[in-house]
Amino acid sequence: MILEITSPMWIEIGNGVLETLYMTLVSTTIAYILGIPLGVILNITSPTGIKQNKVVYTILGFVINVLRSLPFVILAIWLIPFTRLV
């Protein structure tokens, strides 16, 4: 049996691929827009930076560390049902 390109299965696969690419590009763009300025500010205000500012560096470092751990927290919550099953 030969599958036609216009079959409903291929249309769904194509839609899934386009949705995946869209989600990836949007999240990457947001990460760059937020991440690059935050990284530059963190580097500039570091103790060895151009414009040293301990308060900004400490607060921004804390915020970045919290945001960095969010994917792991989401994964841990997502795995709770599997852990209970095991």
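Analyst: Let's start with a term: helices (H or I, at least four residues) and strands (E, at least two) are DSSP runs, numbered from the N terminus. Take G16 as a case: this glycine sits in helix α1.

User: Before we go on, what kind of model is this?

Analyst: It is a predicted model, where local features need pLDDT of at least 70 and side-chain atom pairs count only at pLDDT 80 or more, while totals for chains, interfaces and linings use all residues. Residues are numbered from 1 along each chain as its sequence is written, and side-chain values use heavy atoms, with hydrogens and water left out.

User: What is the average pLDDT of the chain?

Analyst: The general idea is that pLDDT is the predictor's confidence in each residue, from 0 to 100. Here the chain averages 91, and 94% of the residues score at least 70.

User: How many helices and strands does the chain have?

Analyst: Three helices and zero strands. Going along the sequence, you read α-α-α. The radius of gyration is 21 Å, well over the 12 Å that the globule rule gives for 86 residues, so the chain is more spread out than a compact globule. That radius is taken over C-alpha atoms, and the rule is 2.2 Å times the number of residues to the power 0.38. Along its principal axes, the C-alpha trace spans about 70 × 35 × 15 Å.

User: And how do I read burial? Is S46 buried or exposed?

Analyst: Buried means under 20% relative accessible area, exposed means over 50%, and partly exposed is in between (1.4 Å probe, protein chains only). S46 has 8% relative accessibility, so it counts as buried. Across the chain, buried residues make up 7% of the 86 residues.

User: Where does S46 sit, and which residues does S46 touch?

Analyst: S46 is in the loop between α1 (8-44) and α2 (54-78). Contact means heavy atoms within 4.5 Å. Leaving aside neighbours within four places in sequence, S46 is in contact with Q52 and Y57.

User: Is I74 buried or exposed?

Analyst: I74 lies in helix α2, and its 57% relative accessibility makes I74 exposed. V63 is also placed in helix α2, and V63 is partly exposed at 37%.

User: Which residues line the largest pocket?

Analyst: The idea first: on a 1 Å grid over the protein atoms alone, a cavity is a set of points where a 1.4 Å probe fits but cannot get out, and a pocket is an open set with protein on both sides within 12 Å along at least five of seven lines; lining residues have an atom within 4 Å of a point. In this structure the lining of the largest pocket is S27, I30, A31, L34, G35, L38, I64, L67, R68 and P71. Helix α1 gives the most, with six residues.
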